[in-house]
Amino acid sequence: MARDIFNWIDGQQVSAASGETFNKSSPHDGSLLYQVARSKVSDVEAAIAAAKVAQPGWAAVPPVQRGHLLHQICNAMEAQTAKIADIVAKETGKSPAEATGEVGGAIALGRFYAGEGQRLYGRTTTSGAANKYAMTVRQPCGVAGLIIAANTPIANTAWKAFPALICGNSVVLKAAEDTPATSWKFSKIAHETGLPAGVLNVIQGYGKECGAPLVEHNDVDVISFTGSSATGRWIGETCGRMLKKVSLELGGKNPLVVCDDADLDLAVKWICLSAFSNAGQRCAANSRVIVFESVYNELRDKLVVAAEALKVGPNDGDDFGPVINERQLKNMLDSISRARKEGADILAGGRQLDGPQYAKGCYISPTVIENVDPNSAISRTELFGPIALLYKVEDFHAAMTMANDSPYGLTACIHTASFDRAYEFTQKVNTGVAVVNAGTYGSEPHMPFGGTGLSGNGSREPGTEALDIYSELKDVYFQVYPDRL
Ligand code: NAD
C-alpha cells in the first residue's frame, strides 16, 4: 500500500472533503509512492478560513518572537535533514546528496528570514510641516496564497513560507502535485515545533482544481507564484482583475556567452552545470549557449565530450536524475524531434534513456543541439530539461543582441577575460541576474531574484526585497502641538 499524503488545515492532517486522491509515482522507476489528497474548492475554502482566523493572533506575536520560532523550525529541519532529503530524493529522483544540499539551502533561507524578525525596518524621515514626524511601518498583508513548482521542492517551500510568516501573514501553500510530501513534511515539522494551528496550511491537488480557487478567493490578500509563464500569465490576469497583490517568479531561456578570449575548459564546466544540473529543471538553467565563431568548433567539441561523459541516475555520484514526470519528458522529446525535422543537428543525447537501470524512469540524456533557427519554437520556449542549444555569432555585439533576443529575461552569463566585455554585458543584458565567468545560477538567500519579460512581473524574492511582497508599508505621521506641552 502506498502512503497517504494529506492536507494540513488548521493544524490537522485531513483528507480531501470528497475523499478523492491522486497517485504520485517515482520519476525514477514509475513505482507508486503516495496517494495524495485531491483537494478542490471546498478544501481550499476550509484552509483559507482557518488561515483567516489564525492570522490576527500570529500578527500579534512580536516579529522577534516570530523569528525565534522560525529559527527553531530551522533547527528541527537541520535535525531532520536526512529525512527531508530522503523525501525530496524519492519525489524528484535527484540524488540524496543533491537533495541534502537543497535542504541546506532551505534552512539557510529560513535563518535569513528568522533574523529579519529583528529588523523588518521601516523608515523615519522628515516632514514638510513643523512639529510633524513621519515614518513607515511594515504590516502583514493578511492571508498569503503560495503556489510552487516541483523542481526544488523544499527550497521552493521555504522560499515563500519563511518570508510570508516572518511578516505576520498566515499561509495557505498549494504544494506542487509532483512533490506533495515535501511540503507536507515542512508543515509537519513547523507544527511539531509549535507554529500555532491555522498559521500554515498546506493543500494538495492539481493546479486548476486547487491552485485556481486559491488565486480567485477574496480572502487571500497576496499571491506568490513560482511556475511556468503560461500559468503565471493567468494568475497575473486574475489578480489584476481583483486588484490583488501578486508576485510571479516564472520561466527562463537563459543565455551563456562564450567569447574568443574565454577559458574554454572553464566555460564547458559551467555550461554543463548550468544546463544539465537538476536535469535542466531550473528556471535559471542555461539553455542558449552563444559562442564566438572563432572558438565555436573547439568549444562545441569539448562540450559534446563533457556532456557525453555525464552520468545520469538517481544516486550520489550521478550528475543528474530523471525529469519530474512523463508529460514533461514527452514535451522535451517532441520539441527535439520537431527541431530535428527543421534541420537542427543533435550532437549529443536527444533521446530517452532506455537501459535496464532506466526502465520506466523519466530519463533523458544530456542533449546538445546545433543549427537551430534562433526564431524557431525550440529557441524561444522554455523546455525545462537537460538541453543546450548552440549558436554561432561573429562578435560581442552579435552575442549581446542574441542574448537579449528572447521573450524571457531571468539570468545570463558571459565567459571572457576582458573587463570591458564583462562590464558591458552585465550592464546591457536584459535580465534580473548577470554573471561573469561562472554559471547561470540563481539567488542567495539575501539576494533579490527575478526577471524581466516572461520571467516575471518585476517582483523580487528572496532577500529583503521579498518583505515588500509579504508586507504592506504604512505611512505614520505624528503631529505634535508644542503649545500644549
Ligand atoms: P506550472 O505552472 O505548470 O505549475 C506550477 C504550480 O502551479 C503547480 O503547483 C501547479 O499545480 C500550479 N498551477 C497550475 N495551473 C494553475 C492554475 N491555473 N492556477 C493556480 N495554480 C496552478 O509549472 P511547472 O511546469 O510545474 O514548473 C516549472 C516552471 O516553473 C518552469 O517554467 C520554471 O522556469 C518555473 N520556475 C521558476 C522559478 C523562478 O524563481 N523564477 C523557480 C522554479 C521554477
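Predicted model: local features only at pLDDT ≥ 70, side-chain atom pairs only at ≥ 80, totals over all residues.
Good morning. I shall begin with the domains, move to the nonpolar cores and the aromatic pairs, and finish with several individual residues.

Let me start with the overall division of the chain. The domain assignment gives domain 1, which covers 4-250 + 456-474, and domain 2, which covers 254-436. The C-alpha centres of domain 1 and domain 2 lie 31 Å apart. To the contact between them, domain 1 contributes 20 residues and domain 2 contributes 23 residues.

How many residues does the largest nonpolar core have? The number is 124, and the residues with the most contacts inside this core are M77, F162, V257, V258, F276, L299 and F425.

Setting aside neighbours within four places in sequence, F162 is in contact with L70, I73, C74, M77, A106, L109, G110, Y113 and F186.

Next, the aromatic pairs. The count for this model is eight. One of them is formed by F112 and Y113, in an edge-to-face arrangement with 5.0 Å from centre to centre and 75° between the planes. F112 and Y113 are both buried. A further edge-to-face pair is that of F162 and F186, where the centres are 5.5 Å apart and the planes are at 90°. What does this second pair tie together? F162 belongs to helix α5, residues 153-166, and F186 to helix α6, residues 180-193, so the pair ties together parts that are 24 residues apart in sequence. Both partners, F162 and F186, are buried.

Rings also take part in two arrangements with charged groups. The charged end of K392 sits over the ring of Y296, at 4.9 Å from the ring centre. In the other case, the charged end of R484 sits over the ring of Y481, at 4.5 Å from the ring centre.

I turn now to backbone geometry. Which two residues does the cis peptide bond join? The bond is between E461 and P462, and omega is about -10°. P462 is found in the loop between β21 (452-453) and α15 (466-470).

There are also positive phi values to report in residues other than glycine. For D10, phi is near 55°. D10 sits in the loop between β2 (7-9) and β3 (12-14). Its relative accessible area is 41%, so D10 is classed as partly exposed. For K360, phi is near 65°. K360 is placed in the loop between β15 (345-348) and β16 (367-370). Is K360 buried or exposed? Its relative accessibility is 69%, and K360 therefore counts as exposed.

With a relative accessibility of 9%, S26 counts as buried. The side chain of S26 reaches the backbone nitrogen of H28 at 3.0 Å. Leaving out neighbours within four places in sequence, S26 is in contact with S31, L33 and K90.

The other is E116, in helix α4, residues 96-116. Buried means under 20% relative accessible area, and E116, at 4%, therefore counts as buried. Beyond its neighbours within four places in sequence, E116 is in contact with I166, T464 and L467.

Finally, a residue in helix α13, residues 396-404: this is A398. A398 is partly exposed, at a relative accessible area of 27%. Between A398 and L485 there are 87 residues of separation in sequence and 70 Å in space, C-alpha to C-alpha.

Thank you for your attention.

Methods:
Residues numbered from 1 in each chain as written. Heavy atoms only, no water. Phe/Tyr/Trp six-rings, centres within 6.5 Å; stacked < 30°, edge-to-face > 60°. Buried < 20%, exposed > 50% of the residue type's maximum accessible area, 1.4 Å probe, protein only. Helix = DSSP H or I, 4+ residues; strand = E, 2+ residues; numbered from the N terminus. Lys NZ or Arg CZ within 6 Å of the ring centre and 35° of its normal. Core = buried A, V, L, I, M, F, W, Y, C linked by side-chain atoms within 4.5 Å. Contact = heavy atoms within 4.5 Å. Polar contact = N/O pair within 3.5 Å; in protein donor to acceptor, adjacent residues only side chain to side chain. Domains from an automatic or database assignment.
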